[in-house]
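Biologist: I'd like to learn how to read a structure like this one. Could we go through a few features together?

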Amino acid sequence: MTLEMRGITKTYGGVAALSDVSVAVRPGEVHAILGENGAGKSTLMNVATGGTRPDSGTILTGGTEAPPLTPRLAASLGIAIVHQHPAVLPDLTVLENLEVALPASVLRGEGGRTGAARRLLERVGLDVDLADRVESMTVAQRHLLEIAKAFAVQPSLLILDEPTAPLGDDAVRRFFGLVRDAVAQGVSVVYITHRMAEVRELADRVTVLRDGRVRGTADVADVTDDELLAMIVGRKLESTFPPKLESAGDGHDLVLDRLSGPGFVDVSAAVPRGAIVGIAGVVGNGQADLLRALAGLESFTGAVRVGGTAVTAKDLLHRAAYMPADRHGEGLAMSLTVRENAAIAALKSFTAGPLVRRATETDRVRESLGSLSVKAPSMDAPVGALSGGNQQKVVIARALLADPVLLIADEPTQGVDVGARAEIYAILRDASRRGIPVVVASSDSKELEGLCDQVLVMSRGQVVKTLVGDEITEQAMVSAAVGSKASSLATPEALKADHPTGLRRFIQGDYAPSALVTALIVLLGAFIASQNSAFLSAFNLTTILTAATAIGFLALGQNIALLTGGIDLSVGPLAGFLVVVASFFINDGSPVGTVLLGLALMVLVAVVTGLVNGTLIRYARFTPIAATLALYIALGGFALLLRPEQGGYISQDFQSFVTLSFGPLPLFFTVLVVVAVAMEVALRRTRWGWRLRAVGSDEPAARTIGLRVDRVVVLGYVLTALFGFLAALMFMGQYGIGDPTQGAAFTLTSITAVVLGGTSLLGGRGTFVGPLLGALLLQQVLSATVFLGLGTVFQYWFQGALILVAAIVYTTGRLRRRRRAMVA
């Protein structure tokens, strides 16, 4: 057997996710795993790939018992997985995603790394620029990138978890061809899907899970669909789809008149009362854009009338209910509870004055969730703990609680099991019968055929065919999409790249903030010099650059912490404490051995501080702010214990060396520039840099692809502390005395410099050049207040304004681009 899992059991909080599950996968077979959402399929596959450790059971690969698996070990054993939610890193480029996830040996050959990467993407039909950020890619493109990574390692066992859910027909056909080619070469495939037709087309054998237990294993040829459905749901399903509208009532509940907007043009429709209208077509031909406009999320021209009343985009934004295709990225607040997610759109109906009536909220939410048969440990359980089907029902509950005038569902059953799918169809039909117009977009033509009373087939953003009643068939929808002169099934828009080029690409890149800060430095310098020529004197330039060097080293260290998605409040007090330590060893007349001992002790203290910060954050589960604030206070206290007041003069020779200049250019400023450039190269060209940004970009995805997240973060905080050591050397030269209060104020200054340089407060994105320039700008602003005759208070005003504007501009721009990508 390629893979054999025996007696696998896994519980969460006393609830069994898997109970004594045994599955065997033969060499060169496609083994389908079926089951409702929450049946244990994904948990079982996480066990097989090392993402989850079972409570008991044995795993054998190639007939040999495997040690406790980790994602890295599973990959080394030839196990690869395509996750239902792609483990991609949004802040890294396409090429960097491949480089950080794949062994270096894969990206070799003709054309080097880029040539090999292009061949991997061409194999799965993904047309994107390797320099594009993954955050700008559509959901379908991200799935294809995940598929490309899995096939690239030539695994002996390939696990596919709902791989075709967001893909169009053309991409699915290409993908099936890749699976068949892999199987022909002896690769074993585990295929998780909710689509029975895919099981029939690809699989040799099938295992059904229900409630965490194996309910049967059979050859696909020997079992009927009805038998499989009975095993999946534990009962016989009479019909997947509820009865359609028998006859159209008088008038129309929804009228679209020549509707045009971003991604679609001239869409018209008249939907009778009680009808469900479907939106069909090849993925990426304007369906999602039309739905977002109907939800009021995009502007449009033309007219929309609901129940005979004309409505605007603003009206729809507040009165329509939208169920997005990406429920994790846009449909749910994953950090909130089931109750909070369901109630959030209807809070006004639960209020008494300014306060929410908790009892009313709880009763209404409980009633709604109960009517939808939502299975959850409790209403106050995290929504992320629910299965995909139950999460989708929570999205529906939120929509219905809001009492909408229009219900819009984009891929409502994507990643949902057959039992939950039938329940969702019934819910949508019930809403339409209660007089709420329902609009459904789906890449599954069979779904639209069974559910909808009217279907608009779209191609290139236009409606090319309107089907009604018995005209609604899968063949008619595909024929309309393929036969349209406006459409091209071979290259659907969802798989085409919107390549930003030239200035647009630069503005969206990491170096745009650095260019902006450079421009500010030049313009501000020119203005100050025009007001006071002494600003450009050699003495003043040396003073600015020397002060910027100390802040620059602190900022480079702070930058590492922020890139991981954390922060280090202890860098300033650490630098001050190290100066206090040095004041006992590096004095005039001290032997060389004593000086070296002092420097070694400073390095040791820095390393220990970094290790303590990293350990508290990763292993003691402190938040970065709490952990580093504890060290901030502790280091300040230790400094006061060693020197209750200023004392211990630093050697004059050492001060002269640290402040050595060549003309107006300080030696250590040159060192700072060299170090910043070296760190920038490491950030872009080495696995350390990719891993650092990967952890900050999306930690769960980084862990899934096998990165040792804890090690990366702990090492990052150690490096941050070592940069604090370099800053301490500069403070020794500048101030020349052990001062227990020195350094504390520089923590916020270092954060300001990093944010000015463009590093995201959300982690995963930034440069090392930016913080260097940010430190220069801050020192220039401080100098400006002197040369322009402004008071000290303006220093704080200017710094505060700079960091506030930078944080708002950089962060909101990033979030806006990510939201656009999520709905593409």
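**Reading a helix from its buried side**

Modeller: Let's begin with helix α13, where the buried residues are E361, T362, V365, S368 and L369. They span an arc of only 140 degrees around the axis, which puts them on the same side of α13. Keep in mind that this is a predicted model.

Biologist: Which exposed residues sit on the face of α13 turned away from its buried side?

Modeller: Those are A359, E367 and S371.

Biologist: And what do the buried residues of α13 pack against?

Modeller: Their partners are α12 (338-343), β18 (355-356) and α14 (388-401).

Biologist: How do I check the length of a helix like α13?

Modeller: Compare its span with what you'd expect at 1.5 Å a residue. Helix α13 (residues 358-371) has 14 residues, and the distance from its first C-alpha to its last is 20 Å, close to the 20 Å expected. Just after α13 comes S373, with a positive phi of about 60 degrees.

Biologist: Let's move on to strands. How many residues of β21 are buried?

Modeller: Six of the six residues of strand β21 (residues 454-459) are, so the strand is largely enclosed by the rest of the structure. With a strand, check each face in turn. On one side of β21 you find Q454, L456 and M458, on the other V455, V457 and S459, and all are buried.

Biologist: Which strands pair with β21?

Modeller: One is strand β13 (residues 276-280), parallel to β21 with four bridges; there, G278 has V455 as its bridge partner. Another is strand β22 (residues 462-468), which runs antiparallel to β21 and is joined to it by six bridges.

Biologist: Now the aromatic rings. How many aromatic pairs are there?

Modeller: The count is eight. For each pair, look at the distance between ring centres and the angle between planes. F175 and F176 are 6.2 Å apart, centre to centre, with 45 degrees between the planes, and this pair is tilted. Both F175 and F176 are buried. The ring centres of F241 and Y425 are 4.7 Å apart and the planes are at 25 degrees, so that pair is stacked.

Biologist: Where do F241 and Y425 lie?

Modeller: F241 is in the loop between α8 (225-233) and β11 (252-261), while Y425 is in helix α15 (residues 418-433), so the pair ties together parts that are 184 residues apart in sequence. F241 is partly exposed, at 25% relative accessible area, whereas Y425 is buried, at 1%.

Biologist: Which residues do ring pairs link into a cluster?

Modeller: F151, F175 and F176.

Biologist: What lies over the face of F584?

Modeller: That's R643, at 4.0 Å from the ring centre.

How values were computed: Residues are numbered from 1 along each chain as its sequence is written. This is a predicted model: local features need pLDDT of at least 70, side-chain atom pairs count only at pLDDT 80 or more; totals for chains, interfaces and linings use all residues. Side-chain values use heavy atoms; hydrogens and water are left out. Rings of Phe, Tyr and Trp (its six-membered ring) pair if their centres lie within 6.5 Å; planes under 30 degrees apart count as stacked, over 60 as edge-to-face and the rest as tilted. Buried means under 20% relative accessible area, exposed over 50%, partly exposed in between (1.4 Å probe, protein chains only). Helices (H or I, at least four residues) and strands (E, at least two) are DSSP runs, numbered from the N terminus. A charge sits over a ring if NZ of Lys or CZ of Arg is within 6 Å of the ring centre and within 35 degrees of the ring normal. The expected span of a helix is 1.5 Å times one less than its number of residues. The arc is that of the directions from the helix axis to the C-beta atoms. Contact means heavy atoms within 4.5 Å. Two strands pair if DSSP finds at least two bridges between them.
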